[in-house]
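Hi,

Here's the structure I promised to pass on. Have a look at it first, then read on for my notes.

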Amino acid sequence: MRPLAGSYLPEFFHEDHSLPKPSWSKDMRLLFDQFMKKCEDGSWIHLPSYNYTLFQRSQDISAFIHAYLPTASKLINEEKLLQAKIFTRNFEDGLGFEYVMFYNDVEKRVVCVFEGGPYLQGMPGCLHGGAIATMIDATVGTSAMIAEGIVMTANLNINFKRPVPLCSVVLINSQLDKIEGRKLFISCNVQSVDEKTLYTEATSLFIKLDPEKQV
Ligand SMILES: CCCCCCCC/C=C\CCCCCCCC(=O)SCCNC(=O)CCNC(=O)[C@H](O)C(C)(C)COP(=O)(O)OP(=O)(O)OC[C@H]1O[C@@H](n2cnc3c(N)ncnc32)[C@H](O)[C@@H]1OP(=O)(O)O
């Protein structure tokens, strides 16, 4: 695999949460296997996923925040930061966000296979809109990070077109449309596994963080 331009890899590796678990549904496992097959010729890449944030050492967190988020750094309790974890990866297996992402470098696409568990309910029997938004943000955010490294979501515009059934598997398809200076434009849709139902459409704007600027 050639190095991904601007990609950021965490320094410490723990358990990869994007691998099959007994709690995964049959659909989830099937799609995982299909995408892993597509990875064999190198056109797609399986993206590992961990439950911690970018850094594990306090001095690394501190250096990052002071460099990229100096305004926020004044309000952050660095001791508490050591307990920080990625919120999509901290439910018990099968109850919250179960997902795995794949990346196609030629097409600049990230696809996320996602199953929202019973703790993500909004309307009865349906996935909470915030949970959908979270996974869209994570998917387009991954695409932006692969392209340009340290980025933040500036705008996320979502149209919820059909309710997503709780505990069903969906495909989140994201596409990097263009990069203009520090701005990355990424679009996205959420579909049923059989691609017959378009649940959600979204567009996003990510900004590459500039350490010279005081954010
Ligand atoms: C082997 C594989 C490796 C794979 C590696 C993958 C690892 C994956 C790991 C984990 C992935 C997880 C991914 C999760 C993702 C989650 C991300 C979030 O949730 S981020 C939290 C929510 N977002 C905020 O809190 C931002 C708050 N906003 C800000 O801090 C600033 O507004 C910021 C940084 C976004 C921009 O501020 P400025 O000062 O740097 O830049 P200015 O000058 O304001 O804007 C730059 C340009 O962008 C336009 N712009 C900015 N905001 C805009 C907006 N909302 N709408 C339209 N244009 C906007 C401006 O007009 C300007 O444009 P002109 O250069 O003049 O053309």
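This is a predicted model: local features need pLDDT of at least 70, side-chain atom pairs count only at pLDDT 80 or more; totals for chains, interfaces and linings use all residues.

The protein chain averages a pLDDT of 89, and 89% of the residues score at least 70. Over residues 1-12, though, the pLDDT is below 50, even if that stretch has 27 contacts in the model beyond near neighbours in sequence.

Now the sheet. Seven strands make an open sheet, ordered β1-β2-β3-β5-β6-β7-β4, with antiparallel pairing. β1 and β4 (151-160) sit at the edges with a single partner strand each, so one side of each has no neighbour in the sheet. From one strand to the next, the twist averages 20 degrees. At the β1 end, β1 and β2 pair antiparallel over three bridges, and L47 stands opposite M101 in β2.

On one side, 10 bridges join β6 to β5 (residues 169-180), antiparallel, with V170 standing opposite S192. Those two strands form a hairpin with two residues between them, and G181 in the turn has a positive phi of about 60 degrees. β6 is also joined to β7 (residues 198-208), by nine bridges and again antiparallel; there, I186 has S204 as its bridge partner.

In the loop between β6 and β7 you'll find V193. Leaving out residues up to four places away in sequence, V193 touches L31, V169, V170 and L171. V193 and V113 are 80 residues apart along the chain, but their C-alpha atoms are separated by 8.9 Å.

Next, the helices. α1 (residues 26-39) has 14 residues, which at 1.5 Å a residue should span 20 Å; the end C-alpha atoms are 20 Å apart, so the two agree. Which residues of α1 are buried? M28, L31, F32, F35 and C39. They cover an arc of only 105 degrees around the axis, which puts them on the same side of α1. As a reminder, an α-helix has 3.6 residues a turn, so residues three or four places apart point the same way. The face turned away from that buried side carries the exposed K26, L30 and K37. As for partners, the buried residues of α1 pack against β1 (45-47), β2 (97-104), β3 (109-116) and β5. The helix lies across these strands, running at about 20 degrees to β2.

α5 packs on the sheet too, touching β1, β2, β3, β4, β5, β6 and β7, and its direction makes about 140 degrees with that of β4. Buried or exposed? T139 has a relative accessible area of 0%, so it is buried. Not counting residues up to four places away in sequence, T139 touches M101, V110, C112, I172 and S174.

Cheers

Notes. Residues are numbered from 1 along each chain as its sequence is written. Side-chain values use heavy atoms; hydrogens and water are left out. Two strands pair if DSSP finds at least two bridges between them. Helices (H or I, at least four residues) and strands (E, at least two) are DSSP runs, numbered from the N terminus. Buried means under 20% relative accessible area, exposed over 50%, partly exposed in between (1.4 Å probe, protein chains only). Contact means heavy atoms within 4.5 Å. pLDDT is the predictor's confidence in each residue, from 0 to 100. The expected span of a helix is 1.5 Å times one less than its number of residues. The arc is that of the directions from the helix axis to the C-beta atoms. Axes are lines fitted to C-alpha atoms, for helices over the stretch in contact, and angles run from 0 to 180 degrees between N-to-C directions.
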